[in-house]
Amino acid sequence: MALAPRWRPASSPSPPPASSRGRRAAPPTQVSVAPRRNGTSAVLRLTPRHGPCAPSRTSSLAAAPSVADTLRADQRRAEYILRRVSGAGAHQLLGSKAAAATVPASWGYDIGTLNYVVTASLGTPGVAQTLEVDTGSDLSWVQCKPCAAAACYSQKDPLFDPARSSSYAAVPCGASACAGLGLYAAGCSAAQCGYVVSYGDGSNTTGVYGSDTLTLTATDAVQGFLFGCGHAQSGLLAGIDGLLGLGREPVSLVGQTAGAYGGVFSYCLPTKPSTAGYLTLGAAAGGAAPGFATTQLLPSPAAPTYYIVMLTAISVGGQALSVPPSAFAGGAVVDTGTVVTRLPPAAYAALRSAFRGGMAAYGYPSAPPNGILDTCYDFAGYGAVTLPTVALTFSSGATLTLGADGILSFGCLAFAASGSDGGMAILGNVQQRSFEVRIDGASVGFRPGAC
């Protein structure tokens, strides 16, 4: 049996060196956060959606998606984001999908995606919900009873039943919260506010907009949290109980808890299914931890959901690539829901050429392309693999020097070309792995080796 290769970035440049309705319909309570003993943060455990650290899935759930299916869905999402930020057809698109609190997070490999999940509790009494975290979505939702088998997919936990929660309230049609749905509004039914979200990968959810208590940790609870109670879902959503939106709009978890946590959050995506990271709402006591390289957060009038920064340079093996600055002019979306990073064509062509040249020095045999990934290798029989280093530099000089897990995925260079030169890039979750990514109203910071 061949050893799984160990990835090792090279350290020198010669040869080139080396991610329903419920029973009540009262106006929702104002969002508030219950007192916390630590007074500083709420921390959630963040894990890969598929993997031994993820919440155990039931036997009824589908197996992990194939690489081909994952990459096809990833391409649809990337194309959708690029349409949103360019303003093309935005009116037809329904979604992309002080103190602090930290929630453990994991890679959700065990329940159907290469994205990341947290476990929180919803309702009174609380019901555990496994939620995919998404910086490219605003509205949070869970599957709810009643839901016919054809309208709801298999998930890890029992469906949330709003009729069994004493703190649940459907949002009335005339409420300001309903008017605030904007892009996600879906009319009214039985005087209750409806919502709908269609995601870039073709998935969608629709149901009743409601409020309830969201418990993040034993000492952190968001009262009157607004979310979608989904009664009809379709697409590539199997396994998760719902989604936790971390976008920039007021309906997101970040927006709803800004009064308590200051609109600041950070996360660390683990590199392997067997490890865990975290999602933190708010700033740690005493301010941000040292070691962050920060870059300016840019506005996005055409698609205000997204966190956008300015990518300025790429290097391979310690050598800066020759890419016209105009190729990066569109900025880059920081997105946990996109798997592999998308670059403007000129930037990707330069990266691919330099990386292939660096790999040629080590003599690794090439492998056929894998969907959108066109620079692949056959590492069978190698106990360790040396890679050229790859670094991404953003405005203000913030630089991400990628580990091996941020360079290769599925045995291929984990980057792809997308859009046009001068258009938007997307920083995918492969390249964010192991960094703590901290986002506030003005900047995005990166701290290496955080999980």
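Start by selecting Phe 410, which at 31% relative accessibility counts as partly exposed. Keep in mind as you look around that this is a predicted model. Phe 410 sits in the loop between β27 (408-409) and β28 (412-413). Check the backbone there: phi of Phe 410 is near 60 degrees, a positive value in a residue other than glycine.

Now jump to Ser 434, in the loop between α6 (429-432) and β31 (436-439). Here too phi is positive in a residue other than glycine, with Ser 434 near 80 degrees. Is Ser 434 buried or exposed? At 18% relative accessibility, Ser 434 counts as buried, since the cut-off for that label is under 20%.

**Two cis prolines**

Next, select Thr 124 and Pro 125 together. The peptide bond running from Thr 124 to Pro 125 is cis, and omega is near 0 degrees. You'll find Pro 125 in the loop between β5 (116-122) and β6 (127-134).

Then move along to Lys 145 and Pro 146. The peptide bond from Lys 145 to Pro 146 is cis as well, with omega near -5 degrees. Pro 146 belongs to the loop between β7 (141-143) and β8 (169-170). Stay in that loop for the next stop.

**On to the disulfides**

How many disulfides does the count come to? The count comes to six disulfides, and we'll visit some of them.

Pick Cys 144 and Cys 229, whose sulfur atoms are 2.0 Å apart in a disulfide. Look along the S-S bond and you have -105 degrees, which is a left-handed link between Cys 144 and Cys 229. Cys 144 lies in the loop between β7 and β8, while Cys 229 is in strand β12 (residues 220-234), so this pair ties together parts that are 85 residues apart in sequence. Both Cys 144 and Cys 229 are buried.

Your next selection is Cys 173 and Cys 188, joined by a disulfide with an S to S distance of 2.0 Å. Cys 173 is in the loop between β8 and α2 (176-179) and Cys 188 is in strand β9 (residues 185-189), so the parts tied together here are 15 residues apart in sequence.

Which parts does the pair tie together? Cys 268 lies in strand β14 (residues 265-268) and Cys 451 in the segment after β32 (443-447), so the bond links parts that are 183 residues apart in sequence.

**Zooming out**

To finish, show every bonded cysteine at once. Number the bonded cysteines of the protein chain in sequence order, and the pairing reads 1-8, 2-3, 4-6, 5-7, 9-12, 10-11.

How values were computed
Residues numbered from 1 in each chain as written. Predicted model: local features only at pLDDT ≥ 70, side-chain atom pairs only at ≥ 80, totals over all residues. Heavy atoms only, no water. Helix = DSSP H or I, 4+ residues; strand = E, 2+ residues; numbered from the N terminus. Buried < 20%, exposed > 50% of the residue type's maximum accessible area, 1.4 Å probe, protein only. Disulfide = S-S within 2.5 Å.
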